[in-house]
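Open the structure in your viewer and keep the selection tool at hand. The stops below say what to select next.

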Amino acid sequence: MIRYIIRRMLWVIPTVLVVSFLVYVAMDLTPGDPANAVLGDVATDEQYNQVREEMGLNDPIVVRYFRYVVNAVQGDLGTTLYGKRSVWDEVMSRLPYTIYLTLASIVVAVIFSLPLGILAGIRQNTWIDTLASVFSFVGMAIPNFWLGILLIMAFSVHLGWLPSMGVHGFKSIILPAITVGTGLTASLTRTVRAAMLDVIRQDYLRTARAKGLSNRVVILKHALKNAMIPIVTIIGTNMAGLLAGAMVTETVFSWPGIGYLTIKSVLGGDYNLVTGCIIITAVLMSLILLLIDVIYGFVDPRIKAQYVEGR
Amino acid sequence: MLKAGNEMQAKTMNIKTRKTTMAGDSTSLQRSKASEVWLQFRKNKGAVVALILLILIVLVALFSDIIWDYKDDVIKQNISEKLQGPSLAHPFGTDHVGRDMVARVGYGTRYSLSIALASVVIAVIAGGILGAIAGYFGGWIENIIMRLTDIFTMIPSALMAIGIIVIIGIKTSNLVIALGITNIPVFTRITRASVMTVRNCEYIEASRAIGASELYILFVHALPNSMSQIFVQATLAVGNCIIAASSLSFIGVGVPVPTPEWGALLSMGRSYIQSAPYLTLFPGLAIFVTVMLINTVGDGLRDALDPKLKQ
């Protein structure tokens, strides 16, 4: 198991290198010259060349990328175009907010989808099943940012219960988390229902019932435990979408996370910051996927056994 | 018993269709398959209603330049009538410069649908070719393509689209390209999987035995077998692309102003959520309803093409 985790962790390194190289080269192709940005419009050719030389802009791209990576490992991603702050510090100060929002939206999704999906699964073709399928249908089609605005209209503008922007204590996370989590809630409800339908017909459940266990114990202990694998899978495969949804939602709620920062830096033309944001998000993403793979092992002993024997 | 009966029936049906194909030409085979799918699809009442409504929306998109005059109804400002609530003359109200929102949302249908459709076409072609090559030839080519696909799926799609747009500039055509690229991995995976399942079939071997070239076999024999799956996925991808395109326009990196794309309309209405909530309500509703219809039709299609999958 540990060897598997290490192998899986090592695989993160080439992935991050490829992603960051692509991003770096792509950002290098963007119009706009950093030396010009430093000097402004009034500068002689001599000054211009000197600055380019100092900034290392005349080196081949592979050399510059290598330098970027060496610096990045030491926590230096260059400075922002405006205000000359450290890109690393800037991104890292936003990271906790994005992680907080993403985790909160997973919590929201699990809180809503587990009971709904379980009930829909064990009471197939009743009103609660219909409700669950209508809900997941609506949840999948509703655009994140529109839902966010509707929630703001209802709970901030009309009722005045919850703040519409920024971070002011626990109340602030509620609306953004619901906004980001709705899509995941929708697909999780479907998955939980399908998983329950699948598990409920298995022999071991009949055995559990035959042993005289109560319905509640059978559902919660035996059925749900075995339905966990598809649930974890869906959370895993939705992580990229969740982060993407968080980016847009952060803009709607002025939530100070990486998404909001990325979009502000894109609109402001701060390419150093954009590169930093994208690379850090990609690293974050690959770490989350690693985590999900490891969780698999713990959730399903059958998968764990595979790792232990096979490797 | 019942199951066995069904299988028997299926077998006799199979024999019948085989007989007709042997007797008839290839067009009759295609017609019979299409009509079989339609017969299945027709059983799903919800999907049929959704299809009819969707056709109406497509008609609006096709004829929007006849229904509304782009210069006079959609773009021209009319300050004296600004920010009027919904009324008989303007059922969706007017925006901050007095433009009729019915005309703008209606004309937006054309933009939102065509952007999404064009992106999916790009993704299907590129992803289809990559997936077919990977699935058919295998080996190191497959390894490279699939590893790259893995890496690409790791970057949240919204982030990737934003990155691409930053590089190539904010333009409607660039939005299409960016969305197309972000959707490639899905189609690469599907095509590869379905080509792999037919790769070792006897008819492929037979075709090779009579001297057909590998590329001919790939495109004429292997690919058509994955068409139905790709088609279903493409339908659902159009819905997702509508949301993605409007999200990007909402953030400000999608279509340039004053294009009446739905997300752009929403973004503009956002400044008026207190005084004129209808400005965000109707464009959002347009996105939501269209995507929901597309998803319903897509689900219906999937069930019709593969009744085995239906639960």
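This is a predicted model: local features need pLDDT of at least 70, side-chain atom pairs count only at pLDDT 80 or more; totals for chains, interfaces and linings use all residues.

Residues are numbered from 1 along each chain as its sequence is written, chains are lettered from A in the order in which they are written, and side-chain values use heavy atoms, without hydrogens and water.

**Stop 1: the interface.** Select chain A and chain B. The contact (heavy atoms within 4.5 Å) takes 44 residues from chain A and 39 residues from chain B. Between them the chains bury about 3,600 Å², counted as the accessible area (1.4 Å probe) that two parts lose on being put together, summed over both. Carbon and sulfur atoms carry 83% of it. Now pick A:Phe137, A:Phe145 and A:Trp146: in chain A they lose the most area to chain B, together 17% of what that side buries.

**Stop 2: the salt bridge.** Select A:Arg190 and B:Asp299. Their side chains meet in a salt bridge at 3.4 Å, N to O; the rule asks for a side-chain nitrogen of Lys or Arg within 4 Å of a carboxyl oxygen of Asp or Glu. The count between the two chains is 1 salt bridge.

**Stop 3: around A:Val91.** Which residues does A:Val91 touch, not counting those up to four places away in sequence? Select A:Ile258, A:Leu261, A:Leu273, A:Gly276, A:Cys277 and A:Ile280.
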